Amino acid sequence: MGLVAGLDSSSAYTRIVVCDADTGDVVRHGHAEHPEGESTPEAWLLSLGEAADGGVLEDVSAIGVAAQQHGVVALSAEGTPVRPALTGGDERTQAAALGLVDALGGRAAWAEAVGSVPQPGQPVTQLRRLAREEPEAAQRTTAVLQAQDWLVWQLLGRPQRWTTDRGGASSTGYWSSPSEAWRHELAELAIGHPVALPDVLGPAEPAGRTPEGLLISAGTGDTMAAAFGLGVGPGDAVVSLGASASVCAVHDEALTDPSGTITGYADATGRHLPVVRTLNATRVLRGTAELLGTDLAGLSELALRSTPGAHGLVLLPYLAGERTPELPHSAGTLAGIRRESMKPEHLARAAFEGMLCGIADAADVLRGRGVRIDRVFLLGAAAALPAVKALAPALFGAEAVIPAPADYIAIGAARQAAWAQGVSDGVLTPDAPPPWPSAAGETLSPGHKDGKDGQDGRDAVGTAVRRQFAAVRDEIHPGAFG
């Protein structure tokens, strides 16, 4: 089928990858930083042009677009943005989210309506903030797009209709994952008046063609594109290790959650991608490393000098409060301190175990709702630390994969473009995407490599560490998980 391109427009840069449409092999790429300052849609477009300089898109037949899924473009009746893009979350969007929850009658009402509860940074909360803080701009808004929708519209030459995909739509807060339909009244509730929303396309349905004849696929959000680029499927979960963490897993059904712990995203293939987040991940490691006067590599080396369970030392890693479990006003707790455990290596081990047990708690929320997790893809710089690789399989109770570095969001967008192109050419069906291989990388089993105990031995060790962590968690925060 030739060459296809994937575009990743993040909050800081634009990346383009060009892939072989049949194999997924990356043949070339482009990159451009976004200008500093408040994010504007026009800047995204300029960055795209810079990234494509030098013939990056030469001989490409189709383009897929992925972008920061919480980037919102509010358009006037003339089709121009009423203000710079609405992006990110802060105390103002937190207040907006709480106000929206109350306006509809509580969390259960939102879960029933769209499958999840408004969160800071979501488009629905951005619109609420806009209405409260910039009423004149809100009044001029007649249509609302996400970042990838706006870029697709621009690439197509600003046609009469706007489009999106179900993955991107599911992150807005006003699209229902259970019914797979817009809830227009919720967008109106947020901004104060009716607004137009884009048509939702199927996973392999093209948005159209550029004036030059290039096919443009539906586009999607960055979370969905990354999962598609990694090649995850049923039984797979993706754990992103940043300062905070998220666990998302492929599932065949939409999940609703009145507590708001699960966010019910759709994926880029026709399935669903429920997500659970924690507030504390590498911030725990960095804080502990600073306390011990070392860096992350040094902390990892120290941790591996200790033994499972860290001589009874347990760190509840709720340094920034916590979202899963919901403990917004909590702090971290260090328990099990005895004379023999007061050593740097045991504290380092407790930091890694505490961080990973907290994220494993989040994964268990999904498992408790019937989501199968047999394999975990670990993303982020911390995933490559030897201590994470040594501990994660047993604590997650699953095979762990450390993918090789790659632009998975852009690759996922390119795969979507190849799918749409293949359907258009009659060589693929809308039911099955191009069979690109899953991400290559290091695969780690829960079983001991030395063969002394085998799979069951490592599982027993991981279970013991999880139980030690849970005992302290439930003593300090009884009922945290209901």
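How many of the 11 residues of helix H13 are buried? In this predicted model, eight of them are, so helix H13, which covers residues 386-396, is largely enclosed by the rest of the structure. The buried residues are Ala387, Val388, Leu391, Ala392, Pro393, Ala394, Leu395 and Phe396. Directly after H13 comes Gly397, whose phi is positive, at about 65 degrees.

H14 is mostly covered, with 14 of its 18 residues buried. Just after H14, Gly426 has a positive phi of about 80 degrees.

Is Met342 buried or exposed? Its relative accessible area is 55%, and the cut-off for exposed is over 50%, so Met342 counts as exposed. Together with Leu334 and Ile337, Met342 forms a nonpolar patch on the surface. The accessible area of the three residues together is about 290 Å².

Rolling a probe the size of a water molecule over the atoms shows where empty space is left. A search of the whole structure turns up one cavity of 30 Å³ or more. The largest cavity holds about 50 Å³ of space. Its lining is made up of Leu313, Val314, Leu315, Ala350, Glu353, Gly354, Cys357, Val465, Gln468 and Phe469. Strand S18 (314-316), H12 and helix H15 (454-476) are the elements that give two or more residues to this lining. H12 gives the most, with four residues.

Side chains of opposite charge can pair when their charged atoms come close. Asp361 and Arg473 form a salt bridge in which the closest N and O atoms are 2.9 Å apart.

Another salt bridge joins Arg466 and Asp364, with 2.6 Å between the closest N and O atoms. This pair, too, links distant parts of the chain, since Arg466 is in helix H15 and Asp364 in helix H12, 102 residues apart. Arg466 is buried, with a relative accessible area of 16%, whereas Asp364 is partly exposed at 29% relative accessibility. Salt bridges that share partners join Asp361, Asp364, Arg367, Arg466, Arg473 and Asp474 into one network.

Across the whole structure, the search finds 20 salt bridges. One of the others to look at is between the side chains of Arg183 and Glu185, which meet at 2.5 Å, N to O. Arg183 is partly exposed, with a relative accessible area of 27%. Glu185 is also partly exposed, and its value is 37%.

Two residues from other parts of the chain complete the tour. Thr163 lies in strand S7, which covers residues 163-165. At 6% relative accessibility, Thr163 counts as buried. Thr163 and Val200 are 37 residues apart along the chain, and their C-alpha atoms are separated by 5.9 Å. Gln154 belongs to helix H6, which covers residues 147-155. Gln154 has a relative accessibility of 17%; the cut-off for buried is under 20%, so Gln154 counts as buried. Between the C-alpha atoms of Gln154 and Glu42 there is a separation of 10.0 Å, and the two residues are 112 residues apart along the chain.

Conventions: Residues are numbered from 1 along each chain as its sequence is written. This is a predicted model: local features need pLDDT of at least 70, side-chain atom pairs count only at pLDDT 80 or more; totals for chains, interfaces and linings use all residues. Side-chain values use heavy atoms; hydrogens and water are left out. Buried means under 20% relative accessible area, exposed over 50%, partly exposed in between (1.4 Å probe, protein chains only). Patches are made of residues with over 30% relative accessible area and no salt bridge: like charges are joined within 9 Å, nonpolar side chains (Val, Leu, Ile, Met, Phe, Trp, Tyr) within 5 Å. Accessible areas come from the Shrake-Rupley method with a 1.4 Å probe; for residues, only the protein chains shown count as cover. A salt bridge is a side-chain nitrogen of Lys or Arg within 4 Å of a carboxyl oxygen of Asp or Glu. On a 1 Å grid over the protein atoms alone, a cavity is a set of points where a 1.4 Å probe fits but cannot get out, and a pocket is an open set with protein on both sides within 12 Å along at least five of seven lines; lining residues have an atom within 4 Å of a point. Grid points are joined across faces, edges and corners, and a volume is the space filled by probe spheres set on the points.
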